[in-house]
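Please look through the sequence and the fold below before reading on. The paragraphs that follow start with charged pairs and then move to the sheet, the helix and the core.

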Amino acid sequence: MEIKIGIDESPRELVLSSNQSQEEVEKLVTDTLDKGDGLLRLSDEKGRTYLVPTDKIAYVEIAPSDTRRVGFAVVEKK
């Protein structure tokens, strides 16, 4: 899953990839905002943990990871 978090008064958004399902991430975000815990805790595919103050969250976008690849390929001439 690709997760984008917009943060108040910040020109950039936080973007991370997670192994969790869309439903798991949505439940985690919703539960954290409902409880008013103060911090949203998310982990990415590489094991890094992100702590985002809930009062600074402008939006959360949850989408399937983009599978497109950019790069070069070797093509054999015949």
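How many salt bridges does a search of the whole structure find? The search finds three, where a salt bridge is a side-chain nitrogen of Lys or Arg within 4 Å of a carboxyl oxygen of Asp or Glu. This is a predicted model, in which local features need pLDDT of at least 70 and side-chain atom pairs count only at pLDDT 80 or more, while totals for chains, interfaces and linings use all residues. Residues are numbered from 1 along each chain as its sequence is written, and side-chain values use heavy atoms, with hydrogens and water left out.

One of the salt bridges joins Asp31 to Lys27, with 2.7 Å between the closest N and O atoms. Both residues belong to helix 1 and lie four residues apart, about one turn of the helix. Helices here are DSSP runs (H or I, at least four residues), as are strands (E, at least two), and they are numbered from the N terminus. Asp31 is partly exposed at 29% relative accessibility, whereas Lys27 is exposed at 52%. The terms follow relative accessible area: buried means under 20%, exposed over 50%, and partly exposed in between, with a 1.4 Å probe and protein chains only.

Arg48 forms a salt bridge with Asp44, and the closest N and O atoms are again 2.7 Å apart. Here Asp44 counts as buried, at 9% relative accessibility, and Arg48 is partly exposed, at 44%. In the salt bridge between Glu13 and Lys4, the closest N and O atoms are 4.0 Å apart. Glu13 is partly exposed with a relative accessible area of 32%, and Lys4 is also partly exposed, at 21%.

Next comes the overall layout. The protein chain has one helix and five strands, which run β-β-α-β-β-β from the N terminus on. Of its 78 residues, 22% are buried. The accessible surface comes to about 6,300 Å², and carbon and sulfur atoms account for 48% of it; such areas come from the Shrake-Rupley method with a 1.4 Å probe, and for residues only the protein chains shown count as cover. Taking contacts between residues at least 6 apart in sequence, 50% join residues at least 24 apart, where contact means heavy atoms within 4.5 Å.

Three of the strands form an open sheet in the order 2-1-5, with antiparallel pairing. Two strands count as paired if DSSP finds at least two bridges between them. Strand 2 (13–17) and strand 5 are at the edges with a single partner strand each, so one side of each has no neighbour in the sheet. On average, neighbouring strands of this sheet are turned by 15 degrees against each other, direction ignored. Helix 1 packs on the sheet and touches strand 1 and strand 5, its direction making about 165 degrees with that of strand 5. Axes are lines fitted to C-alpha atoms, for helices over the stretch in contact, and angles run from 0 to 180 degrees between N-to-C directions.

Strand 1 and strand 2 are joined by five bridges. The two strands form a hairpin with five residues between them. Within that loop lies Glu9, which has a positive phi of about 60 degrees although it is not a glycine. Most residues other than glycine have a negative phi. Glu9 is exposed, at 81% relative accessibility.

Which residue of strand 2 is the bridge partner of Ile3? That partner is Leu16, which is buried at 3% relative accessibility. Apart from its neighbours within four places in sequence, Leu16 is in contact with Met1, Glu2, Ile3, Leu42, Ser43, Asp44 and Tyr50. The C-alpha atoms of Leu16 and Ile5 are 8.8 Å apart, with eleven residues separating the two along the chain.

Leu16 also belongs to the largest nonpolar core, whose eleven residues are Met1, Ile3, Ile5, Leu16, Val25, Val29, Leu40, Leu42, Val52, Ile57 and Ile62. At least two residues of this core come from each of strand 1 (2–7), helix 1 (22–35), strand 3 (39–43) and strand 5 (57–63). A nonpolar core is a set of buried Ala, Val, Leu, Ile, Met, Phe, Trp, Tyr and Cys residues joined through side-chain atoms within 4.5 Å.
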